[in-house]
Amino acid sequence: MFSIKKYISYVFILLVSSCSTKKNALQIALASKNPKIKTVMNNPEPHEIQIIYTEILRDKEGKVSFKDFSYNLNSKNYFYPASTVKFPIAVLALEKLNTIPNTGLNTTYTIEGSAEKLQFSEEISKVFAVSDNVASTNLLDFLGFDYVNLKMKEKGLYPFSLSHRLSGTDPSNPEFPAITLYKSDNTVVNIPSKRNQIPEALSLNGIQKGNAYRDSKNKPINEPFDFSKKNYYPLETLHNTLKRIVFPEVFKKEERFLITEKDRQFILYSMQNLPKNAGFDPNEFFDGYCKFFMFGDTKEDIPSSIKIYNKVGNAYGTMIDCAYITDPENKVEFMLSATILANKNGVFNDNIYEYDSISLPFLAELGRQLYAINKH
C-alpha cells in the first residue's frame, strides 16, 4: 500500500545524497528524476508553469523574514485564477464586518430574493473546506466587485481584478442585491443594492488561449478562448495575500487586512481544516481534495503533524495551489504557490483536461520534494 510517510523518507534519502549547495531547494525539486515532475519539466512551455517558493527565516528573537525563489514568474503572463479569488473574498468579508458595530464571524444575513439566513462563519468554512462556489458568491454579494478591487489595491496586493462570480446564471452582472444583516444587539442593518463598475478588458500575454472552445450551449467555436473579461489574480499577488494572513507582523499596518486576531485565527483554521472535520463525507471529500501539494494525487489521510494552510483553484485546465506548509515535529516550514495548465487538445470549456494524469501528480510531487528538502 502506498504510504506518504515512507515515500517522503525515501525522497529525503535521495535528496541528501544528491543536493548541491549551488542550487536552491526549488531548483533541486524541479530537477527531480521522478516522472511526475520530469514529464512536465521536459516540456514545460505548454503547461504555462509559474512557481514561487518561500523559505521562512527567523532570527534569534523570532522575527520573521522571507527568502523567495521563483520559476517562470511573470504577472503579465495570464492564467485563469479559478477559485483562488475566494481567498480575499472571505477575508475581506470579515474586514467589512469589522466596520459595522455589533457584527462578526457569527453574524447572519439574508440576500435580496432569498429568505435563507446565512452565517458568515459557515460560508467561509465551506469556501476553504471544499471550495464551495455558491458560498463564495454569497460572500461576494455582501461586498461587490468594487470593494474587493479597491481594498486589494490599498493593501499593495496588485495587480488584481475581480470581474465575475463563480456561480449563478449571470456571473458578470455589475448589479449586486440588497443585504440584510442581523446584528448581535437584535437590530437590523439594511444594505441597499449597488451597481459596480464594469472593469476594462484585460490586455496580457496569453489572454487568448488554445485553438478552439465550446460556448455556453456546447457549440464548438474554432478560435482561441478569450479570457480578457475573466478574473485576474497573478501568482505573486496570491502568494503575498497568504503572507499577510500567516505573518501580518511583517507588513506595515496599511498593507494588512484589518481584521481581529480572532478573525485571523478563524481564517487560518478554516484554511487548514479538512473536509471530514467540516462535516463533509470523507469518501467524496478526502483529505487531499483541496490539498494539491503533497496529497492531491492520493486519497491517503494526511498525517496529523502536517498542517497545510492553503487555497486551491482549478478550471479551464488550470490548477493552482497557494500554501503555507508546516510540520513542527520535523521542523518543516515553507510557503509554495504554483500554477499549471494541462490541456493537450487545445480546446477550452470542453471539460477534457489532464488534471489527474499531469497536474495533480506534478503539484503533489513538487510539494513532497520540497517537504523532504526542508525536513530536519
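The largest cavity in this predicted model holds about 40 Å³ of space. A search of the whole structure finds one cavity of 30 Å³ or more. Its lining consists of Val 127, Phe 128, Ser 131, Cys 290, Lys 291, Asn 310, Lys 311 and Val 312. Two elements give two or more residues each to this lining, helix H5 (120-129) and strand E13 (307-315). The largest share, three residues, comes from E13. By class, four of the lining residues are nonpolar, two are polar and two are charged.

The second largest pocket contains about 460 Å³ of space. Its lining is made up of 18 residues, and those closest to the centre are Tyr 158, Phe 160, Ser 161, Pro 199 and Glu 200. Eleven residues of this lining are nonpolar, four are polar and three are charged.

The bond runs from Tyr 158 to Pro 159 and has an omega near 10°. Pro 159 belongs to the loop between helix H7 (145-154) and strand E5 (175-176). The ring of Tyr 158 has a further neighbour in Lys 153, whose charged end sits over the ring at 5.0 Å from its centre. A second contact of this kind involves Lys 96, with its charged end over the ring of Phe 142 and 4.7 Å from the ring centre.

The aromatic residues can be taken next. A pair of aromatic rings is described by the distance of the centres and the angle of the planes. In the whole structure, the search finds 26 aromatic pairs. Phe 160 and Tyr 233 form one that is edge-to-face, with 4.9 Å from centre to centre and 90° between the planes. This pair links distant parts of the chain, 73 residues apart: Phe 160 is in the loop between H7 and E5, and Tyr 233 is in the loop between strand E12 (225-226) and helix H8 (235-246). Phe 160 and Tyr 233 are both buried.

Another pair, Phe 225 with Tyr 316, is tilted, with 5.2 Å between the centres and 35° between the planes. Phe 225 lies in strand E12 and Tyr 316 in the loop between E13 and strand E14 (318-327), so the pair ties together parts that are 91 residues apart in sequence. Are these two residues buried or exposed? Phe 225 has a relative accessibility of 9% and therefore counts as buried. Tyr 316 is buried as well, because its relative accessible area of 17% falls under the 20% limit. Phe 225 and Tyr 316 also belong to a cluster linked by ring pairs, together with Tyr 78, Tyr 80, Tyr 213, Phe 227, Tyr 232 and Phe 348.

Part of the strand arrangement can be described through an open sheet of three strands. Its order is E11-E10-E16, and the pairing is mixed. Strand E11 (220-221) and E16 are the edge strands, each pairing on one side only. Strand E10 (residues 212-214) and E16 run parallel and are joined by two bridges. For Ala 212, the bridge partner in E16 is Val 347.

Two loop residues have backbone angles to note. Asn 351 is in the loop between strand E16 (347-348) and helix H11 (355-374). Its phi is near 60°, a positive value in a residue other than glycine. Glu 48, in the loop between helix H3 (35-41) and strand E1 (50-58), is likewise not a glycine and has a positive phi of about 50°. How do the two stand in accessibility, exposed or partly exposed? Asn 351 has 69% relative accessibility and so counts as exposed, because the limit for that class is over 50%. Glu 48 has a relative accessible area of 31% and is therefore partly exposed.

Technical notes. Residues numbered from 1 in each chain as written. Predicted model: local features only at pLDDT ≥ 70, side-chain atom pairs only at ≥ 80, totals over all residues. Heavy atoms only, no water. 1 Å grid on protein atoms, 1.4 Å probe; cavity = no way out; pocket = protein on both sides within 12 Å on 5 of 7 lines; lining within 4 Å. Points joined across faces, edges and corners; volume = space filled by probe spheres on them. Helix = DSSP H or I, 4+ residues; strand = E, 2+ residues; numbered from the N terminus. Nonpolar A, V, L, I, M, F, W, Y, C, P; charged D, E, K, R; others polar. Buried < 20%, exposed > 50% of the residue type's maximum accessible area, 1.4 Å probe, protein only. Phe/Tyr/Trp six-rings, centres within 6.5 Å; stacked < 30°, edge-to-face > 60°. Lys NZ or Arg CZ within 6 Å of the ring centre and 35° of its normal. Pairing = 2+ DSSP bridges.
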